[in-house]
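Thanks for passing this one along.

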Amino acid sequence: MSDAKPKILIQLDGDTQASTFDAVVAADAGVDHLLRHHGVRPEEVRDLVHGAIFTRAADQLNRTAIFVGGSDVTAGESLLAEVCRTFFGPMRVSVMMDSSGANTTAAAAVLAAEAHVPLRGATVLVLAATGPVGRRVAHLLAGEGAEVRAASRSLDRARAVCETVATRIPRAKIGPWIASTPQETAAAAQGCRIVIAAGVPGVELMPADVRRQCRDLVTAIDLNAVPPAGLEGVDPRDRATNRDGVTCYGALGIGATKMKIHKAAIRKLFESNDQVLDVDEIFALARSL
Amino acid sequence: MSDAKPKILIQLDGDTQASTFDAVVAADAGVDHLLRHHGVRPEEVRDLVHGAIFTRAADQLNRTAIFVGGSDVTAGESLLAEVCRTFFGPMRVSVMMDSSGANTTAAAAVLAAEAHVPLRGATVLVLAATGPVGRRVAHLLAGEGAEVRAASRSLDRARAVCETVATRIPRAKIGPWIASTPQETAAAAQGCRIVIAAGVPGVELMPADVRRQCRDLVTAIDLNAVPPAGLEGVDPRDRATNRDGVTCYGALGIGATKMKIHKAAIRKLFESNDQVLDVDEIFALARSL
Amino acid sequence: MSDAKPKILIQLDGDTQASTFDAVVAADAGVDHLLRHHGVRPEEVRDLVHGAIFTRAADQLNRTAIFVGGSDVTAGESLLAEVCRTFFGPMRVSVMMDSSGANTTAAAAVLAAEAHVPLRGATVLVLAATGPVGRRVAHLLAGEGAEVRAASRSLDRARAVCETVATRIPRAKIGPWIASTPQETAAAAQGCRIVIAAGVPGVELMPADVRRQCRDLVTAIDLNAVPPAGLEGVDPRDRATNRDGVTCYGALGIGATKMKIHKAAIRKLFESNDQVLDVDEIFALARSL
């Protein structure tokens, strides 16, 4: 057993500038050296991973880890796949994927929901379920046994998400809903105990009067921080705020939990050299905090 | 109040490689993590600043700061403007701008001059006053109440500098002078107690015999380190060196003070989260050292 | 004498992403701040070196150093030349060149050979002597007084290598050999006590039966880690492994020594500010470990 080596985190980011957000969180999680890479393309991943796995003794590989970030979630998924493909046998380091904060945000949102409504059997509406955060929220909810309504302006895209979720979670109870008008959104929300809005910034997904008509609604979560709100009337700073009898969360209210999860996940990377922290692992970690 | 977080400095640099000069000074000023960015364009600034202001609690925002550098001062001014535009309310971190070392160099030069001649009412010639350092030297001198002669090979550009200075400092005593020949330079220097040459490297701005004819001259400062000297006969290493009865400073002689100012300014960034260290603030800091 | 400053290593890398391998080794060698630069072109070197030599007092210049890496050895040689050209008088910092690991790998291979056969007067075959590692192996062997057979598929290129080595080491005993077929390789190996294969990954340079026919062979070293082996029958993990009466080393067996040399060389950079660690200096260091 050699002396403990400095903690090194390799930041792989596809954007033209590597995220300072991810770097500050890493520093605050106790990383000693940040090796930051921007504009990373999948074909560059192999050499970068080799530098991680071929430089330290087996008992010190848990002191090197990889973080896949960047704003483009699809690009991040490709980078993560390439990272994992490069590992072989015990020659690996732990890796976390959180492009655009999608995994930590989805985990924080579902955790907030679960604090108010037991998820098993609960009917939950996910608005903009076809986006990167929405897909993860739908996936986590289905995994917990909720009855998920995956809503989108396009029924076809909603169906595609349901199929993906069902492939990974065969017992999933999930169905596609269209929500392109207030009327359709009201219909989709009928009977739901939880609504989670995961749309792009600045797009209203549910008017306040539709929300007020949802008699079974216990918790409403809006992940959009830029006005107008995704759920009209929910403030970004809401954190278990009572509005019309419903417990509401806004993006900043969820954000505090998201930051804790992100930081804890970075710390966890250095506990062993064989972890892949994607959405399920990050949610499990979030719950354990 | 949480524990003190590591000191993070975000280096924004528009050049193809981020300055190692600025990085070494930052390390020597006690920064724990340097987040270095090169080729930064104004449209990339917003996300980089968001990563600075959205990652730490309010009482820890003074542990994150931004340094705007790079060789292009105009580009640096744009980046600084964009950084400040992104801040809102208490959501800000301290920022320093010193592209091409222009602010710290100008501050060091004016500080050296003031050590020998009280600036209020003193007639001062600034050669190449239209360059990034020259403009700052003229600005600082005018702010201290000197009678500034802003000289250039182009009278039009000298006038433009005077107008800019006068706009920012309404009480400024500053006028444009042409200095495209030794005769014109001699005329501009007539009656001056201080001459500061702020030209580009390797361009002579004043022959030695012109300098020797300046009867009222007390201090001569040359900010050009590359032969030939801006002020002929002044050595880059001069540091209060007596030449023909005049106290002379060369670029390296000023450089030692410049380095101290630069380092002190980086340290000061971490005292609070609301500072903008541009030319005036850096000069005030320089004086307090 | 001022207080000891943090150890800063400036990593100059011509690739599109700076090597993580070199960065991890630097961190493990105790570097405090890594200033990493990718895509470095020779014309960018001057400013990067100026930032190293103009920022700290003379007695602290040994706390800043430069590492030239990247996968392209020729590009690395250009960068190193440019770094050294920028130094003047005492204004310098120590620099190490190890693009593609060529210097540390060559040093480790020759060190392994020398553990089994005194090099002076020993006949040694270098296969693929025209590649970056092969040229360095041939150079080191010649410097130690071995009789070097520099083999290549092209006799012209083998001759060019011999001329280069002879120019630098006038007493060198080195001659060109062609080895484009098993028969030619067998002829070249006749009478050799050491064979070192320095070819590109995945290319077999000597069949096992040719190796077994080398009656004088004591040590065989294969620097290729990717199947098929450069020396058929030698395993990458071989480390003084006896095969058919010959002491064999594979790429990973040599790699452990290479890592130690690399790390020791980084540490050595910070002992003074005037070292240039290229192949000869790295081999001398390797021997002293």
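1. How many residues of chain C are in contact with chain A, and how many of chain A with chain C? On the chain C side there are 17, and they touch 20 residues of chain A. Please keep in mind that this is a predicted model.

2. On confidence, the model scores an ipTM of 0.94 and a pTM of 0.95. For chain A, the average pLDDT is 96, with 99% of the residues scoring at least 70.

3. Back to the interface: about 1400 Å² is buried between chain C and chain A, and 60% of that lies on carbon and sulfur atoms. In chain C, the residues that lose the most area to chain A are Gln17(C), Thr20(C) and Val24(C). Together they account for 41% of what that side buries.

4. Within chain C, have a look at helix α2 (residues 42-53) and helix α3 (residues 73-86), whose axes come within 9 Å and cross at roughly 45 degrees. Because of that angle, α2(C) is oblique to α3(C). The crossing of α2(C) past α3(C) is right-handed.

5. Which residues make this helix contact? From α2(C) come Pro42(C), Val45(C), Arg46(C), Val49(C), His50(C) and Ile53(C). They meet Ser78(C), Leu79(C), Glu82(C), Val83(C) and Thr86(C) of α3(C). By class, the residues in the contact of α2(C) with α3(C) are 6 nonpolar, 3 polar and 2 charged.

Definitions and conventions: Residues numbered from 1 in each chain as written. Chains lettered and ligands numbered in written order. Predicted model: local features only at pLDDT ≥ 70, side-chain atom pairs only at ≥ 80, totals over all residues. Heavy atoms only, no water. pLDDT = per-residue confidence, 0-100. Axes fitted to C-alpha atoms, helices over the stretch in contact; angles between N-to-C directions. Helix = DSSP H or I, 4+ residues; strand = E, 2+ residues; numbered from the N terminus. Parallel < 35°, antiparallel > 145°, perpendicular 65-115°, else oblique. Left-handed = near helix turned anticlockwise from the far one by under 90°. Contact = heavy atoms within 4.5 Å. Nonpolar A, V, L, I, M, F, W, Y, C, P; charged D, E, K, R; others polar. Buried area = accessible area lost by both parts, 1.4 Å probe.
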